[in-house]
Amino acid sequence: MKSLPGILVGLALGAVVGILMAPESGKKTRKRISSESDSFFKDLQDQLQNGLESIKEQYNDYVDSTTEKTQDLVSQAKKKVKK
């Protein structure tokens, strides 16, 4: 954990140096960065949406399973009361 700030600073410096040393013009570099960041955020949004859908499905499966088990227990209890 102590080296995390150093790693982050190193990554940031590496990115800045990489952009400054890029063989493309500034306009092309900005366009590429914009395009790549748009693509990154679109992919991130898709992954988050898929994750939320998966959580909803798991929740609904859990609710359905719990409801069935509860109904079975109530049914068993009613049968025992009738005897």
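This is a predicted model: local features need pLDDT of at least 70, side-chain atom pairs count only at pLDDT 80 or more; totals for chains, interfaces and linings use all residues.
Colleague: Thanks. How many helices and strands are in the chain?

Modeller: The chain has 2 helices and 0 strands (DSSP runs numbered from the N terminus: H or I of at least four residues, E of at least two). Helix α1 covers residues 4-20, and helix α2 covers residues 26-82.

Colleague: And what does the C-alpha trace span along its principal axes?

Modeller: The trace spans about 85 × 35 × 10 Å. The radius of gyration of the chain is 27 Å, whereas a compact globule of 83 residues would have a value near 12 Å (taken over C-alpha atoms, the rule being 2.2 Å times the number of residues to the power 0.38).

Colleague: What share of the 83 residues counts as buried, then?

Modeller: Of the 83 residues, 2% count as buried. The chain exposes about 7,900 Å², and 62% of that area comes from carbon and sulfur atoms (Shrake-Rupley method, 1.4 Å probe).

Colleague: Switching topic: how many salt bridges does the structure hold?

Modeller: The structure holds 1 salt bridge (a Lys or Arg side-chain nitrogen within 4 Å of an Asp or Glu carboxyl oxygen). The pair is Asp46 and Lys42, whose closest N and O atoms are 3.3 Å apart.

Colleague: Where do Asp46 and Lys42 lie?

Modeller: Both residues belong to helix α2, 4 residues apart, which is about one turn of the helix.

Colleague: Why is Asp46 called partly exposed?

Modeller: Asp46 is called partly exposed because its relative accessibility is 33%.

Colleague: What about a nonpolar patch: which residues form it?

Modeller: Leu4, Ile7, Leu8 and Leu11 form that patch on the surface, and together they have about 390 Å² of accessible area (patch residues have over 30% relative accessible area and no salt bridge; nonpolar side chains are joined within 5 Å, like charges within 9 Å). Ile7, one of the four, is found in helix α1. It counts as partly exposed because its relative accessible area is 48%.

Colleague: Last one. How far apart are the C-alpha atoms of Gly26 and Ala12?

Modeller: Those two C-alpha atoms are separated by 18 Å, with the residues 14 apart along the chain. Gly26 has its place in helix α2 and is partly exposed, at 37% relative accessible area.

How values were computed:
Residues are numbered from 1 along each chain as its sequence is written. Side-chain values use heavy atoms; hydrogens and water are left out. Buried means under 20% relative accessible area, exposed over 50%, partly exposed in between (1.4 Å probe, protein chains only).
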